[in-house]
Amino acid sequence: MSQRIPVTELTPDFRGRAEEALADGQLRNNFRVAMDSLMTKRANAFPDADEREGLRELGNRLKAGALSRLPDLLEQLEQKLTENGIKVHWAETVEEANDLVHGIIEARKGSQVVKGKSMVSEEMEMNDYLAERGIECLESDMGEYIVQLDNEKPSHIIMPAIHKNARQVSKLFHDKLGEPETEDVNQLIQIGRRTLRRKFMDADVGVSGVNFAIAETGTLLLVENEGNGRMSTTAPPVHIAVTGIEKVVPNLRDVVPLVSLLTRSALGQPITTYVNLISGPRKPDELDGPEEVHLVLLDNGRTGAFADAQMRQTLNCIRCGACMNHCPVYTRVGGHTYGEVYPGPIGKIITPHMAGLDKVPDHPSASSLCGACGEVCPVKIPIPELLQRLRQENVKDPEQPQQVKGGGAKYSRMERWIWRGWQMLNTRPALYRSFLWAATRFRALAPKKAGPWTENHSAPVPARRSLHDLAAQHLDQKGGRPS
Amino acid sequence: MSDLFYDAAPNATRVAPEREPERYYPEKPEAVTLFGTCVVDLFFPEAGLDAIRLLEREGVRVHFPQEQSCCGQPAWTSGYRDEAKAVARAQLEILDRSGLPVVVPSGSCAGMFRHHYRALFADEPDTLKRVEALAERTFELTEFLLKVCKVQLSDRGAPSKIALHTSCSARREMNTHLHARELLQQLEGVERVDHDHESECCGFGGTFSVRMPEVSGAMVKDKTRSLMDSGAVEMVTADGGCLMNINGSLEKQKERFRGRHLASFLWERINGASEGEVA
């Protein structure tokens, strides 16, 4: 059985969910196969390591450069978009963003919304918000459509239904839509298309995300492969784009390497099938396009990350998903285990500023710090370094002022004392050597159970003699004085 | 790639790609300090001793300061910065006393010296200078043997197939996998076989293995399975932490397959069998 997470309910227990996921052979197989394929695709998309590294370095500089003048760029963006006829709205919280979106829909007396893929709208839980107000918000990205149909959340930021295989999708379509069962992926896609095609025509409002918001020209850039993004942003009379404030870039020239990094890192594509450049509503002499275009710019904790020189690097993210594709933890537990909108390594470093570290206290620990994520990140976010930082924030004294929202959630006086003891042992040579002497001398008394370690391992038994001991004897025999 | 994408290449945008230069390796020194590491010290001391023997065979005098303990990594990766820093400072004092090059038979601990001490002491400019100097003269064992000693190994062992496991931090911070591969290539009778998902983490990650035993356990099970399926008769690694994790898991699973430290493996191959200095 695959995991099902009710759309709004989250439990804080990462380990519990991980255990369930690990026991689900089908789920693990689905992820392993999918992630292996994505890793191969990415590797093939960057055949020249020098070019890849140069491009990553450039991507990092472009994003860091844009962030270094974020307030100015946002102002310029607003001005240019307004000149182009796009209405700009600012939202500090997801509630404000939802309220804004709802207001726009209501003004048009809309009741049907069709949505292209947007992680920010997931962040807002827009579907639920609108549903509670009698507005149907239908996902038009195939993966999003599948998870919405099954009342799930996306398990991957690029491929929302990657946790399901064709057989599972077939069964879902059969149960929910009454379609005949088939494991032919093309047929499954056709089923989805037929349903969605009608919705594009009927929708009052189309919602989309944004990959890059270009300040110089006032352009919203959206990459996608299914054409649903173009449909959602052009067919309905109103288009509402929602995005985070970190998506702004200075100009179109900067976008070229960033898009190349994005599509190659995500799916190994030189470019996506569709690249939408949205620069305004329908003009008087034009035949199609929306009558109104809105952009909702969401903060939701991003300015908190921005204010922290180290954590600011999380805002470099261009949402390619390569970090999760390469993560040995994500590959084994899948996206739902994280219990948050953004799973995987990137989710672990951006969620604390959105939701508070105390909401996801296990996330920083759910990593062996293997470094695969940092190695593949197209904009060189030092993810392991930031995870390590969050571990520090996690164990800070909660009585003290916190640098990261919700810090100190994992503070334990006892654990702190254990590490103090460890420190004492490792800074006092005589004590350390006495410890070695005792541990090796009384090795037979080593405990047979050593907490969680012996769940997966035999009990560790110290050697008969320590290296300190052996080295001293060896060097003495050699006539060299052990220093 | 089509012409369209030439613009995406860094040259077109005139930003010179910043590439880490290949490390500069000094002439072989007369003497080095061996930093044993806490895991080798207590659980694989023979590997540490074999490292000393390998170095001495190259004519390098080995110092083993008895005051050394742990590099500080366990606390650092667990979020206990102050504690890690205190331990790091103690090692820095000891290693600075002779100022000799430091050889470490574990890639992740070498990586700690070379990369993470900088972060620990970023707020102390004077200490940072010493830390930079330590980083410059720290070498992982296989790297030191290969690049500094320019070791030539002649194999005296029977033909064997082995798998090589490299710790992630060592792979990414020290390039240990490349150095170890080159060393193994010198051994005529040894065939190194690839194993499935070779570059994937074994699941150790220090305290990760006890904080997230479910996930860590799944990772090490997959790793041991791929090692055993590789056709190798044993695994070698230059990292104590991974070795403890992988062997502990194999023993728990009651498998006969085992891993051992690369230093011990090399010493045995070039001598035919292990010298019996240890009780």
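1. Of the 483 residues in chain A, 51% are buried. A residue is called buried if 20 or more other C-beta atoms lie within 10 Å of its own, exposed if 12 or fewer do, and partly exposed in between, with C-beta atoms placed from the backbone. This is a predicted model, in which local features need pLDDT of at least 70 and side-chain atom pairs count only at pLDDT 80 or more, while totals for chains, interfaces and linings use all residues. Residues are numbered from 1 along each chain as its sequence is written, and chains are lettered from A and ligands numbered from 1 in the order in which they are written.

2. Overall form of chain A. The C-alpha trace of chain A spans about 95 × 55 × 50 Å along its principal axes. Chain A has 22 helices and ten strands; helices (H or I, at least four residues) and strands (E, at least two) are DSSP runs, numbered from the N terminus. Among the contacts in chain A with a separation of 6 or more, 71% are between residues 24 or more positions apart. Two residues are in contact if their C-beta atoms, placed from the backbone, lie within 7 Å.

3. Domains of chain A. The assignment gives domain 1 (14-304) and domain 2 (431-477) of chain A; such bounds come from an automatic or database domain assignment. The centres of these two domains, taken over C-alpha atoms, are separated by 55 Å.

4. Strand E10 of chain A. This strand covers residues 292-298, and six of its seven residues are buried, so the rest of the structure largely encloses it. Strand E1 (residues 86-91) of chain A runs parallel to E10(A) and is joined to it by six bridges. In that pairing A:Ala91 stands opposite A:Leu298. Strand E7 (residues 238-244) of chain A is also parallel to E10(A), with seven bridges, and A:Ile240 stands opposite A:His294. Two strands count as paired if DSSP finds at least two bridges between them.

5. Nonpolar core. Which residues touch the most other members of the largest nonpolar core? They are A:Val113, A:Val242 and A:Val296, in a core of 209 residues. Helix H12 (residues 252-267) of chain A supplies the largest share of this core, seven residues. A nonpolar core is a set of buried Ala, Val, Leu, Ile, Met, Phe, Trp, Tyr and Cys residues joined through C-beta atoms within 7 Å. Leaving aside neighbours within four places in sequence, the contacts of A:Val242 include A:Ala97, A:Val101, A:Val120, A:Met124, A:Val296 and A:Leu298.

6. A:Ile349. This residue is found in helix H16 (residues 344-355) of chain A. A:Ile349 is buried because 28 other C-beta atoms lie within 10 Å. Not counting residues up to four places away in sequence, A:Ile349 touches A:Thr314, A:Ile383, A:Leu386, A:Leu387 and A:Leu390. The C-alpha atoms of A:Ile349 and A:Ala459, 110 residues apart along the chain, are separated by 34 Å.

7. Contact between the chains. Chain B contributes 69 residues and chain A contributes 67 residues. On the chain B side, helix H11 (residues 213-229) of chain B gives the largest share, eight residues. By class, that side has 36 nonpolar, 18 polar and 15 charged residues. Here Ala, Val, Leu, Ile, Met, Phe, Trp, Tyr, Cys and Pro count as nonpolar, Asp, Glu, Lys and Arg as charged, and the others, Gly among them, as polar.

8. Domains of chain B. Chain B is divided into domain 1 (31-147) and domain 2 (153-271), with C-alpha centres 22 Å apart. The contact between them takes 29 residues from domain 1 of chain B and 24 residues from domain 2 of chain B. On the domain 1 side, the elements supplying at least two residues each include helix H1 (38-43), helix H2 (45-57) and H5 of chain B. The domain 1 side has 13 nonpolar, ten polar and six charged residues.

9. UniProt, in an unreviewed entry, places the feature "domain: Cysteine-rich" at residues 32-114 and 162-246 of chain B. UniProt positions are given in the numbering used here, feature names are shortened, and annotations may be inferred rather than shown by experiment. Residues 32-114 of chain B are 61% helix and 11% strand, with end C-alpha atoms 16 Å apart. For residues 162-246 of chain B the values are 53% helix and 14% strand, with end C-alpha atoms 15 Å apart.

10. B:Ala119. This residue lies in helix H5 (residues 107-120) of chain B. B:Ala119 counts as partly exposed because it has 16 C-beta neighbours inside 10 Å.
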